[in-house]
Amino acid sequence: MHQPDRRVVLLAAGLILAGPPAAAQQGTWALTNARIETVTRGVIERGTIVIRDGLIAAVGASVPVPADARTLDLAGRTVSPGLIDLASPYALASAPATGGATTGPRFTGIDPQRRVADELRLSPADARSARDAGITAILVAPTRGLFRGQSALVPTRDSASGRDALRATVGQHMGYEGIGQGEYPGSLLGVIAEQRQLLYDAQRHGLIEDRWAANPRGVPRPEADPVLSALVPVVRGTQPLFADARNENQIRRAAALADEFKLRLVVAGATEGWRAVDVLAGRGLAVSVNFPRPTEVTGWRYRGAMRRTPDDSAAADAAARAAIEGNPAALHRAGYRIALTSGGQPSSFLANARKAVAAGLPAAVALEAMTFRAAELAGVGEASGSVEAGKIANLVVSAGP
């Protein structure tokens, strides 16, 4: 049995329990004598999980082992849900932008119609790297532009593609990068103006489409516009908008945009979330634990520019580092339910989550934030993210908690 870093990933979506690669999603398995962290229903100190054809059939302290089950005795081991990373760099090849190569798709940075499920393919090496970190599902999203496209949640099975997605369309993604290359919008002011204009245009486009669908007689056929059509579910609140908003200013801009258009906002990153707790109510929060250097944080840059005494730099740097690593705990204390993400560094996910725990985030909350809460934000909370009957058996077995 594969045990990277004293951890064994049991993945019903395609990894090996034992035997051929498809074995984990076929037949009946019984994981016995395990300490089970269910996430949603507490901890079972010594229990059994029955898996049938890739789904959890039963879990509890006194669950009988079916006669047809293959049994794994996990005495001394802990079973928990597989981690879900809502900020993965894997599975999506970079595509040429305008002015680049002539082959393949061209993306301008205003590409809300882009569906990564149509493009992605997870390499075996990347899949193994994610599994070694305990990650059993990743949210794959474009990373460049102001409206970037629609993400997909994919299991970390070897060579997984969009056909294997747990959810083929999770949400629309946006950021604050200009198009560049002398094209509009190239500045931050232009990006914000273009985002607002596109959302207003999408509202109007949706009304025109509805009018045509209700009664097309005497009404001009709506112009085909894939960009605006892709944004219609966003402005109607039927599709979440994931905003790559890391520093305080970006968080406040995204919150203002969501309020103006009544959007279902998920703040992704939120490195300086503790500075913007007043505008985060009602938002989804996918908080990065890829902790940046203090000099990369807005508030720190401002304080550094205003500081008069140079000899306190080491102490100030340490204080800023503590505040950054304490961000998840600060948001939790403020009453927010958060998900944790790797911030694009899956191999450091667990190590950085432990830093958040050391900075005050309760360990049980951290586990929920990397499993069930992440599943909820990805729209699969009823299917994944906890050890419960009826859910996909994406599980991690570890030598310790």
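Biologist: At what angle do helix H8 and helix H9 pack, and how far apart are their axes?

Modeller: Two packed helices are described by the angle between their axes and by the distance between those axes. Please keep in mind that this is a predicted model. Here H8, residues 349–358, packs against H9, residues 363–370, at an angle of about 140°, and their axes are 9 Å apart. The crossing in which H8 passes H9 is right-handed.

Biologist: Which residues of H8 and H9 meet?

Modeller: On the H8 side they are Phe349, Leu350, Ala353 and Val357, and these meet Ala363, Ala366 and Met370 of H9. Sorted by class, this contact of H8 with H9 comprises 7 nonpolar residues, with no polar and no charged ones.

Biologist: Let us go on to the strands. In which sense do S2 and S3 pair, and over how many bridges?

Modeller: Strands of a sheet pair through backbone hydrogen bonds, and they do so either parallel or antiparallel. In this model S2 (residues 28–37) and S3 (residues 43–52) pair in the antiparallel sense, over 7 bridges. As one example of such a pairing, glutamate 37 has valine 43 in S3 as its bridge partner. The two strands, S2 and S3, form a hairpin with 5 residues between them, and in the turn valine 39 has a positive phi of about 80°.

Biologist: In which sense does S2 pair with S5 and with S6?

Modeller: With S5, residues 70–73, the strand S2 pairs in the parallel sense over 4 bridges, and threonine 32 stands opposite aspartate 73 of S5. With S6, residues 78–81, the pairing of S2 is likewise parallel, over 2 bridges, and here arginine 35 stands opposite threonine 78.

Biologist: Is S2 mostly covered or mostly open, and how many of its residues are buried?

Modeller: S2 is mostly covered, since 8 of its 10 residues are buried, a label given to residues under 20% relative accessible area. For the chain as a whole, 51% of the 401 residues count as buried.

Biologist: Where does arginine 77 lie, and is arginine 77 buried, partly exposed or exposed?

Modeller: Arginine 77 lies in the loop between S5 and S6. Its relative accessibility is 26%, and therefore arginine 77 counts as partly exposed, as that class lies between the 20% and 50% cut-offs. The C-alpha atoms of arginine 77 and arginine 46 are separated by 9.6 Å, although these residues are 31 residues apart along the chain.

Biologist: What is the strand order in the open sheet of 3 strands?

Modeller: The order is S7-S8-S10, with mixed pairing. S7 (83–88) and S10 (152–155) are the edge strands, each of which pairs on one side only. With direction ignored, neighbouring strands of this sheet are turned by 25° against each other on average. S8, residues 135–140, runs antiparallel to S10, and 4 bridges join the two; within this pair, alanine 137 has proline 155 of S10 as its bridge partner.

Key:
Residues are numbered from 1 along each chain as its sequence is written. This is a predicted model: local features need pLDDT of at least 70, side-chain atom pairs count only at pLDDT 80 or more; totals for chains, interfaces and linings use all residues. Side-chain values use heavy atoms; hydrogens and water are left out. Axes are lines fitted to C-alpha atoms, for helices over the stretch in contact, and angles run from 0 to 180 degrees between N-to-C directions. A crossing is left-handed if the near helix is turned anticlockwise from the far one by less than a right angle, and right-handed if clockwise. Contact means heavy atoms within 4.5 Å. Ala, Val, Leu, Ile, Met, Phe, Trp, Tyr, Cys and Pro count as nonpolar, Asp, Glu, Lys and Arg as charged, and the others, Gly among them, as polar. Buried means under 20% relative accessible area, exposed over 50%, partly exposed in between (1.4 Å probe, protein chains only). Two strands pair if DSSP finds at least two bridges between them.
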